Amino acid sequence: MHIEKAIEYFQTHQETMTQTYLDLVKIPSVSTATEHKADILRAGEFLKDYLLGIGLDRVELFPTNMHPILFAEKKSANLNAKTLLVYGHYDVQPTDPLDEWKSDPFQPEIREDYVYARGASDMKGQVMASVLALESVLKTSDLPINVKFLIEGEEEIGSPSLDDFIKTHKDLLSCDMILNPDAGMVGKDQPTLVYGLRGLTYFEVRVDGPKADLHSGLWGGNVANPANVLSSMISKLHNSDGSVAIPGFYDRVLDITEEERVRIASNQTSEETMLENTGVPMLFGEEGFSALERQGARPTLDVNGFYSGFIGEGAKTIIPAYAKAKISCRLVPDQDPMEIFELAKSYILSITPPTVRINIFLHSGGPAYLADDAPGAKNLTEALSAVWQNSITYKREGGSIPVATVMQRELGVKSLLTGFGLPDDAIHSPNERMYLPNWYKGIQALIRFYLSFGETSDAS
Ligand code: BES
Ligand code: MN
């Protein structure tokens with residue numbers, strides 16, 4: 001039978017395939033860092049060459065203002081075949097703080113069945129799983145669907161080129177189904193389908209005081225300290241019950257329905273697991289909601305980075321010239337990312353004292369996503385359940401994949417959001433990792449998924 005032959009092909013090539021994945025992970029394709037521009041291109045070319053090598057019909061790297069977008073396609077011999085579009089990103093987050101890594105982030109090391117490296121889980125693992133599953137199918141049987149790949153290099157910086165690309169390449173990207181394996185699973189034994197994602201508004205605030213760092217003895221008491229001012233402003237962004245204090249912030253937030261509460265609660269993840277995964281002594285969040293509700297269905301505001309003054313060893317007595325904070329809001333339907341930016345900006349301006357100058361600018365934004373029953377869901381859930389021997393967990397996820405909303409709007413197709421990473425994979429953190437047995441299962445599940453569209457695929 002087709003499935004068995006393809007899985008057997010994967011199993012006999014498991015070692016070289018794993019090596020290919022590690023080779024991709026070795027390329028430091030950090031999209032936010034300009035010094036890695038050539039590495040991003042190298043990662044795109046690596047995938048392009050690999051896809052050409054396994055026989056895709058059309059493989060093209062489209063240049064953008066920043067990092068290229070890879071498109072590839074393999075047509076089925078069946079002229080009536082449905083078309084699946086697989087989305088992925090080959091860029092990764094920065095590695096800092098580098099000191100915290102136990103091994104080099106771009107020299108993948110396998111320890112106790114985990115691959116440790118930046119991008120191992122988010123999401124070179126999932127990109128390669130999608131590609132290697134297709135390779136296993138192509139080598140052993142006829143492909144029952146048309147498969148397209150859209151793999152970008154700017155996801156981790158908010159996909160600045162992708163919207164336009166999708167809008168101007170609708171025919172190229174036309175499809176019946178979209179697989180987006182950039183989400184994850186809730187536990188090792190729990191294959192997961194994500195039906196909601198939060199949106200994002202990311203901005204930066206800069207407070208300028210004196211024209212240079214000043215002696216704090218000579219000037220302390222007469223000059224407002226930008227670090228003091230900015231921290232006091234930040235403290236006004238939340239109310240004491242954990243809610244966000246920006247006026248209008250919650251105006252468009254859709255309430256969680258009773259049905260939705262039940263669905264969210266069906267996820268078995270306990271608060272103890274969350275404490276373990278994060279290492280905090282106690283969870284914190286908005287009152288009146290469960291941890292899983294707060295994660296997927298409530299908006300938040302967080303400082304992602306704060307910089308001011310002297311941060312070297314020892315002590316230095318200064319009043320810093322400026323203070324900066326990087327701030328992001330996770331959004332839920334129907335909040336609008338630009339409107340939230342405007343609301344945040346007006347509120348922050350309204351609480352800025354006249355003793356400093358302020359500058360607020362937007363980095364990126366993207367809407368939330370909430371949708372049931374993307375086309376192909378039955379095929380995918382059956383494939384995942386067959387491999388993991390367990391039923392599917394449905395999750396409203398807290399992370400953001402804005403492209404899902406863009407594709408729904410521009411291509412008219414909802415996304416199948418899944419993945420093989422785990423909540424304790426430390427994505428965006430030091431010592432990011434991927435659990436290899438899961439990755440192997442993921443490849444097998446995708447083999448089943450691709451082949452599930454063939455009329456004869458379940459006849460032996
Ligand atoms: N893969 C993640 C998002 C994710 C992780 C979704 C786990 C579901 C489960 C993605 O690469 C990511 O980190 N996205 C950014 C988006 C932003 C830069 C626009 C995020 O969520 O911070
Ligand atoms: Mn990702």
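This is a predicted model: local features need pLDDT of at least 70, side-chain atom pairs count only at pLDDT 80 or more; totals for chains, interfaces and linings use all residues.
Where is the place of Glu 112? Glu 112 sits in the loop between strand 4 and strand 5 (114–116).

**Figure 1. Glu 112, a residue with positive phi in the loop between strand 4 and strand 5.** Glu 112 is not a glycine, yet its phi is positive, at about 45°. Is Glu 112 buried or exposed? Its relative accessibility is 75%, so Glu 112 counts as exposed.

**Figure 2. Ser 159, a buried residue with positive phi.** Ser 159 is not a glycine either. Its phi is positive, about 50°. The residue belongs to the loop between strand 6 and helix 5 (162–168). Ser 159 has a relative accessibility of 11%. Buried means under 20%, so Ser 159 counts as buried.

**Figure 3. Helix 3, residues 37–53.** The helix is built of 17 residues. From its first C-alpha to its last it reaches 24 Å, close to the 24 Å expected at 1.5 Å a residue. Which residues of helix 3 are buried? They are Asp 39, Ile 40, Ala 43, Gly 44, Leu 47, Tyr 50 and Leu 51. Seen down the axis of helix 3, these buried residues fall within an arc of 145°, so they line one face of the helix. The face turned away from that buried side carries Ala 38, Asp 49 and Gly 53, which are exposed. Just after helix 3 comes Gly 55, with a positive phi of about 95°.

**Figure 4. What covers the buried residues of helix 3.** Both helices and strands take part. The cover includes helix 2 (14–25) and helix 4 (124–140). It also includes strand 1 (58–62), strand 2 (69–74) and strand 6 (146–152).

**Figure 5. Packing of helix 2 and helix 3.** The two helices pack at an angle of about 155°. Their axes are 10 Å apart. Angles over 145 degrees count as roughly antiparallel, so helix 2 is roughly antiparallel to helix 3. Which residues make the contact? Helix 2 supplies Thr 20, Asp 23 and Leu 24. Helix 3 supplies Ala 43, Phe 46, Leu 47 and Tyr 50. By class, the residues of this contact divide into five nonpolar, one polar and one charged. Ala 43, Leu 47 and Tyr 50 are also among the buried residues of helix 3.

**Figure 6. Leu 301 in strand 11 (residues 300–308).** At 3% relative accessibility, Leu 301 counts as buried. What is Leu 301 in contact with, leaving aside its neighbours within four places in sequence? Its contacts are Leu 237, His 238, Val 244, Ile 246, Ile 327, Ser 328 and Cys 329. Val 207 lies 94 residues from Leu 301 along the chain. The C-alpha atoms of Leu 301 and Val 207 are separated by 19 Å.

**Figure 7. The cis peptide bond between Asp 96 and Pro 97.** Omega is about 0° for this bond. Where does Pro 97 lie? Pro 97 is in the loop between strand 3 (83–89) and strand 4 (109–111).

**Figure 8. The cis peptide bond from Pro 333 to Asp 334.** Here omega is near -5°. Asp 334 lies in the loop that runs between strand 13 (322–331) and helix 12 (337–350).

Conventions: Residues are numbered from 1 along each chain as its sequence is written. Chains are lettered from A and ligands numbered from 1 in the order in which they are written. Side-chain values use heavy atoms; hydrogens and water are left out. Helices (H or I, at least four residues) and strands (E, at least two) are DSSP runs, numbered from the N terminus. The expected span of a helix is 1.5 Å times one less than its number of residues. Buried means under 20% relative accessible area, exposed over 50%, partly exposed in between (1.4 Å probe, protein chains only). The arc is that of the directions from the helix axis to the C-beta atoms. Contact means heavy atoms within 4.5 Å. Axes are lines fitted to C-alpha atoms, for helices over the stretch in contact, and angles run from 0 to 180 degrees between N-to-C directions. Angles under 35 degrees count as roughly parallel, over 145 as roughly antiparallel, 65 to 115 as roughly perpendicular and the rest as oblique. Ala, Val, Leu, Ile, Met, Phe, Trp, Tyr, Cys and Pro count as nonpolar, Asp, Glu, Lys and Arg as charged, and the others, Gly among them, as polar.
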